[in-house]
Amino acid sequence: MKVTIIGSGTMVPSNERNSSGVLLEYENTCSMVDFGYGSMHSLLKKGLTYHDIDRIYFTHNHPDHICDLIPFLFASRYPKDPRKKDLQIIAGPGFKQFFDTLMKAYKNWLVPTTYKVEIIEQDEETKSYDGLVVTSKKMKHIELSRGYRFEFSNGKSVVVSGDTDYCDEMIDLGRKADLMILECSMPDEMKVQGHMTPSECGKLAQKANCRKLCLTHFYPVCDQKNLREKCLAEYSGDLFLAEDFMEFDF
Ligand SMILES: [Zn+2]
Ligand SMILES: [Zn+2]
């Protein structure tokens, strides 16, 4: 099983950091957690196209997490090479209504004709997809926000926060995880409500007692600051600062 950071950035366009996206490759299935702008191109660099993604989990519907769903659905209708495989989209309650509105806004240009899209609204619960056990919890960001814990059949677990402020739900979700991918939008001295700083991420990861911590969702100012030092003052496990295409193998 392999986890790849597809986008470690935010709403701010960057040549170094795409908007949010994490690729999970597991037993011949490919899933994305979020699908921000730039994701389609980065997947292409890994040899993956709109044919290859089986499932998309959305942490929420801010554009930097969802934008490339539009070109993905449009490309899937390419008459000379249409997508054939059904697609599942998992997101919090309310997503179906958002998705339907998006479909209407584009008239029929995104509506699948050669495959089916199934929208699965998952609240604070545990479900299984192709043997992958997925637990979601509400995050402290917007109403739709959900974080995900993925438990693989080899016993390993990966947790993705999406955007969130510090919250107990994220500690619960990340308890003893093999890899916790946490958003770290701003340095400590520039804290923004609804997002985390490196010290908060370190504190949260220490409480959750996760084995590896990967910080991501970096606004440009983060690249000029020493996030590592602030985080490691609170956290004693392995720390990674995400870069696009960073991989974790389990
Ligand atoms: Zn974001
Ligand atoms: Zn957001």
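**Close-ups of a predicted model**

**View 1. The open sheet, strand by strand.** In this predicted model, seven strands make an open sheet with mixed pairing, ordered β7-β8-β9-β10-β11-β12-β13. Strands here are DSSP runs of E with at least two residues, helices are runs of H or I with at least four, and both are numbered from the N terminus; two strands pair if DSSP finds at least two bridges between them. At the edges sit β7 (126-129) and β13 (238-241), each with a single partner strand, so one side of each has no neighbour in the sheet. On average, neighbouring strands are turned by 20 degrees against each other, direction ignored. Axes are lines fitted to C-alpha atoms (for helices, over the stretch in contact), with angles between N-to-C directions running from 0 to 180 degrees.

Residues are numbered from 1 along each chain as its sequence is written, while chains are lettered from A and ligands numbered from 1 in the order in which they are written. Local features need pLDDT of at least 70 and side-chain atom pairs count only at pLDDT 80 or more, but totals for chains, interfaces and linings use all residues.

**View 2. The hairpin at β7.** Four bridges tie β7 to β8 (residues 132-138), and the two run antiparallel. Look for Ser128 opposite Val133 in β8. Two residues lie between the strands of this hairpin, and Asp130 in the turn has a positive phi of about 50 degrees.

**View 3. β11, β12 and the helix across them.** Strands β11 (residues 179-183) and β12 (residues 212-216) run parallel, joined by five bridges. Leu182 faces Leu215 of β12. Helix α6 (residues 198-208) lies across both strands, at about 150 degrees to β11.

**View 4. Into the nonpolar core.** Leu182 and Leu215 turn up again here: along with Val22, Met180, Cys201, Ala205 and Leu213, they have the most contacts inside the largest nonpolar core, which has 59 residues. Such a core is a set of buried Ala, Val, Leu, Ile, Met, Phe, Trp, Tyr and Cys residues joined through C-beta atoms within 7 Å. Buried means 20 or more other C-beta atoms within 10 Å of a residue's own, with C-beta atoms placed from the backbone. Leaving out residues up to four places away in sequence, Val22 touches Val3, Ile5, Ile6, Met32, Val33, Asp34, Val160 and Ile181 (contact: backbone-placed C-beta atoms within 7 Å). Across the protein, 44% of the 250 residues count as buried.

Technical notes: Two residues are in contact if their C-beta atoms, placed from the backbone, lie within 7 Å. A residue is buried if 20 or more other C-beta atoms lie within 10 Å of its own, exposed if 12 or fewer, and partly exposed in between; C-beta atoms are placed from the backbone.
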